Amino acid sequence: MHIRLVLVFMSLVLIVWAPMAAQAQAFETKAKHVYLIDAETGTVLFAKDENAAVPPASLAKLMTMDVVFDAIGKNELTLDTEFPVSEHAWRTGGAPSGTSTMFAALKSRVRVVDLIQGVTVQLANDACIILAEGMTGSEEAFAKRMTDRARELGLTGSVFRNATGLPDPQNKTTMRDMALLAQHIQANYPDLFKYYSQTEFEWNKILQRNRTPLISANIGVDGFATGFAEGFGFGMVATMQKDGRRVFLALGGLATDKERVEETRKILDWSMTAFERKRLFEAGDGVGEASVYGGAVSHVQLVTANAVDVLVPVNNPERLSAKVIYRWPLAMPVEAGKQAGTLKIWSGERLLREVPVETNAAVGQGTLSSRAVDALQELLFFWL
């Protein structure tokens, strides 16, 4: 079997700024876990213990909604589909539960569009369970679908055991997963994302206000959710659009609801004022070469398919550096425009972006003698 290694092919310093005489203080927050990303460039603007496993609490409802939205997109159900209210849904998440609820009546039937608004506006536990049971027959089966969906989206730090985020020792997520999930929902379901922006929702003659308080603050926040778990504290996922930019923020580990709102607003305001956009590569720019095994030529150039921009701090920019990582050597056939590796860009020690790089030309099969030389070189490499 032909064995290849993942190697760092090339390191390069992209931009170097001389330290300023009086650099701004590093940004600080009371939140224990934070992940903040710019939507258009994908730049990680701030990260703090973002991969720590934490209880999702009501933030799990983002994944509940993603499963529902995905099912609507695949025509598995419609907004007018009706699901029954079981005793489990009513007792666990309804009026008797003492938790966040849309007060769905036992043995009634509720439309999917109303259940969606119950979740996105009120974070209603009964609505989550009604959807889960209606779609898969049981909350347990739906929770498995949530976890499977997380893996499909590349959210490796999340496991769900119920549709609500109510306490379960096996429920877990990360702030990175939550921010990326929020970004996925906003980008892929624009017609359904709008429900997160509602400041209030009236159903069955009951008026309920959005549990994400910054929605009504008129600062550009138009989604997502809040959560609280014993031992973890208060958390929030939010997205803001302002001055042509959108950011996604997930944070947690705060002591009070007031602190959660204040820290979220502070971070979002900072994200919109503390950065400027820099272009590092134009579309088609070469970023390095990759070795080719058994080809007519020994190397092929790697290029960026699209322009590569990042956001960097305005007041205290750090050195930007990058590395191209690919599996050495590339095996035949090598086609033009085929993804061959990843360009990773850092600001200081902070990973800003990961950008696919692709081959700029096809490489034909080499001669028998050239392939023998390549085989010998690879054998010597592994032996050494």
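1. A salt bridge is a side-chain nitrogen of Lys or Arg within 4 Å of a carboxyl oxygen of Asp or Glu. In this predicted model, E40, R277, R279, E282 and D309 are linked in a network of such bridges. The structure holds 21 salt bridges, and a few of them are described in the points that follow.

2. The pair K30 and E259 deserves attention for its position in the sequence. The closest N and O atoms of this salt bridge are 3.8 Å apart. K30 lies in the loop between β1 (5-15) and β2 (33-38), whereas E259 belongs to helix α8, so the pair ties together parts that are 229 residues apart in sequence. E259 is buried, its relative accessible area being 17%.

3. E263 counts as buried at 5% relative accessibility, while K266 counts as partly exposed at 34%.

4. D70 and K74 form a further salt bridge, with a distance of 3.1 Å from N to O. Here D70 is buried, at 13% relative accessibility, and K74 is partly exposed, at 48%.

5. Helix α4 spans residues 125-136 and has 12 residues. From its first C-alpha to its last it reaches 17 Å, close to the 16 Å expected at 1.5 Å a residue. After the helix comes G137, which has a positive phi, near 95 degrees.

6. How many of the residues of α4 are buried? The helix is mostly covered, with 10 of its 12 residues buried; among them are N125, D126, C128, I130, E133 and M135. The elements that cover these buried residues include the helices α1 (61-73), α2 (87-93), α3 (112-122) and α5 (139-152), together with the strand β4 (82-84).

7. The largest pocket contains about 540 Å³ of space. Its lining comprises 25 residues, and A57, S58, G227, F228 and A229 lie nearest the centre. By class, the lining residues divide into 10 nonpolar, 9 polar and 6 charged.

8. Strand β8 gives the most, with 4 residues.

Terms used: Residues are numbered from 1 along each chain as its sequence is written. This is a predicted model: local features need pLDDT of at least 70, side-chain atom pairs count only at pLDDT 80 or more; totals for chains, interfaces and linings use all residues. Side-chain values use heavy atoms; hydrogens and water are left out. Helices (H or I, at least four residues) and strands (E, at least two) are DSSP runs, numbered from the N terminus. The expected span of a helix is 1.5 Å times one less than its number of residues. Buried means under 20% relative accessible area, exposed over 50%, partly exposed in between (1.4 Å probe, protein chains only). Contact means heavy atoms within 4.5 Å. On a 1 Å grid over the protein atoms alone, a cavity is a set of points where a 1.4 Å probe fits but cannot get out, and a pocket is an open set with protein on both sides within 12 Å along at least five of seven lines; lining residues have an atom within 4 Å of a point. Grid points are joined across faces, edges and corners, and a volume is the space filled by probe spheres set on the points. Ala, Val, Leu, Ile, Met, Phe, Trp, Tyr, Cys and Pro count as nonpolar, Asp, Glu, Lys and Arg as charged, and the others, Gly among them, as polar.
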